[in-house]
Amino acid sequence: MTTISAGVRRASALGLALTACFTVLPGATATAAHPDGGAVTGGTSLDRYYHQRLDWRSCVLGPDDAPGHDLEKAGARCADVTVPLDYADPGGRTLKIAVSRLAATDTRHRIGALLFNPGGPGGPGLGYAPLVRRTMKETGARYDVVGFDPRFVGRSAPLDCEWPVGSSVLSAGHSRAAFERQVVLQKGLADKCRATNGAVLPHVTTRNTARDMDVVRGALGEREISYLGWSYGTYLGTVYTQMFPGRYDRVVFDGALDPRRYNPRLMRGVERENERALADWASWAARRHDAYGLGRTRGQVLATVDRIVAASARRPLTVGTGADTFRLDDTQVPFVIFSGTADDTEEARAAASEQLSVLAGAAAGRPAPLSPEFAAMLRSALTEEGSRNGSVQSAILCGDVSVPRDPESYWRDIERSRAAHPLFGPLTNNIGPCAFWDRPREKPTQVRHDTPALIVAATGDPRTPYTGSVALHGLLPSSRLITLEGAYRHALYGQYGNACVDNEVNRYLATGKLPAQDRTCVARSH
């Protein structure tokens, strides 16, 4: 449950702006939809949304808008698509959904529009259009590549609960007292969202984002759209294809979620995948003991990790210096370790090793300066700087599916999991703000329609486990599954550099033809 790689997130902050004016095609017919996603033709109060004319303009909001300037350089244009806050009350309050578009340059062979979502939930997509176009190689020129910030994200009426932290994903710690502090914290986060944004929280849902996507389709003048989703974006795409069958063309899901398992406690059940990824990283770090000092064998490195966590339970570890000084306890240190398991590239493993080296020094009473990247990560996760990100991610999850409300049920899950998974069990089973949220207004989406999608997955994915992609493949008999063996990596297409995976996806996007059968690719050795 995360967005595509940090490198992509940095790229999304680089830019957005086009120059070709684009409006709804006068010859295109747009169908409206009932609030449940069922299609009707004409005569509904949603018509004005589907038939709206878009005002395409520069994506640059000001001189310091780096993402806007980067989009400008790429040739993108931006517009706002008006949607109802509540699809059951289309005459009421409205929202503006920010979209970007890189128009097809190979107009003679134009395929259509491709929307995408980089994950999250709550990940902005507006700035990714140039990156997606590059990832698609020569096929990208045949598409209008359309990025958007989902409702209450980025430029689309951003939601901010004014949290003191940027993430609600924390461990329950080593003791009952630490868990009780988590209960107080998580209830406080929910209360802050209710106090600051209570009127809109019921409408912060994946089903409403899917409805917004269909309005975007209509406003673009497209009878069908193609779709590309990473991580949570696979669930969003699944919901869209189920709510709006017949409105999509080519569909790619990268690191898929089993829609039957989707809920705010998504990390439950991924302990083994993360332990395997951690062990694989430990072997990598052991071969580089002279650089990081974490141990010369896998066992020694993992023992160092255990000592770090145990030390943080006795007293918070002080890391960093000056303004970037943080005190990390046993609810926060496991989160930092967990954050380093989702990527097995050399760059990511080096960063994780540097972070663990800093934590090991702190456990031994030797605070050290933080790299700019580590400091930024801690500020985003553990301070009010990341409040927007954490607020909207939790709002979407809590608005989609309800969870148990009794703190004791979480404590029982934590204790059961702790015995087998002492590091990650108390994190993946911990209580969160959704335990104190108002119950969702809609039931979760059920898969009832087959979708001929291309699903891409790594066998060692620590965030959306391979089993989720296999499960979705089983629910969609016409789909095909591209498996990457030997990779502990979340998000593959265009991010991991595996030519086999990228070529399969680009071939499908170019031809619209799925492989005749499932295929297996192999990761390069590290």
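Trainee: What types of residue make up the lining of the second largest pocket?
Mentor: Eight are nonpolar, one is polar and three are charged. Keep in mind that this is a predicted model.

Trainee: Which residues line the second largest pocket?
Mentor: The lining consists of H174, E275, L278, A279, L302, V305, D306, V309, R418, P422, L423 and F424. Two elements, α8 (271-286) and α10 (298-314), each give two or more residues to that lining.

Trainee: Which element gives the most to the lining of the second largest pocket?
Mentor: That is α10, with four residues.

Trainee: And what volume does the second largest pocket have?
Mentor: About 260 Å³.

Trainee: Back to α8. At what angle do the axes of α8 and α12 cross?
Mentor: Roughly 85 degrees, and the axes come within 10 Å. Helix α12 covers residues 346-363. The two helices are therefore roughly perpendicular to each other.

Trainee: Which residues of α8 and α12 meet?
Mentor: From α8, A277, D280, W281, W284 and A285. They meet E346, R349, A350, A352, S353 and L356 in α12. The residues of this contact divide into seven nonpolar, one polar and three charged.

Trainee: New topic. How many aromatic pairs are found in the whole structure?
Mentor: Ten. One of them is F116 with Y128, where the ring centres are 6.5 Å apart. The planes stand at 45 degrees, so the pair is tilted.

Trainee: Where do F116 and Y128 lie?
Mentor: F116 is in strand β5 (residues 112-117), and Y128 is in the loop between β5 and α4 (129-135). So the pair ties together parts that are twelve residues apart in sequence.

Terms used. Residues numbered from 1 in each chain as written. Predicted model: local features only at pLDDT ≥ 70, side-chain atom pairs only at ≥ 80, totals over all residues. Heavy atoms only, no water. 1 Å grid on protein atoms, 1.4 Å probe; cavity = no way out; pocket = protein on both sides within 12 Å on 5 of 7 lines; lining within 4 Å. Points joined across faces, edges and corners; volume = space filled by probe spheres on them. Nonpolar A, V, L, I, M, F, W, Y, C, P; charged D, E, K, R; others polar. Axes fitted to C-alpha atoms, helices over the stretch in contact; angles between N-to-C directions. Parallel < 35°, antiparallel > 145°, perpendicular 65-115°, else oblique. Contact = heavy atoms within 4.5 Å. Phe/Tyr/Trp six-rings, centres within 6.5 Å; stacked < 30°, edge-to-face > 60°.
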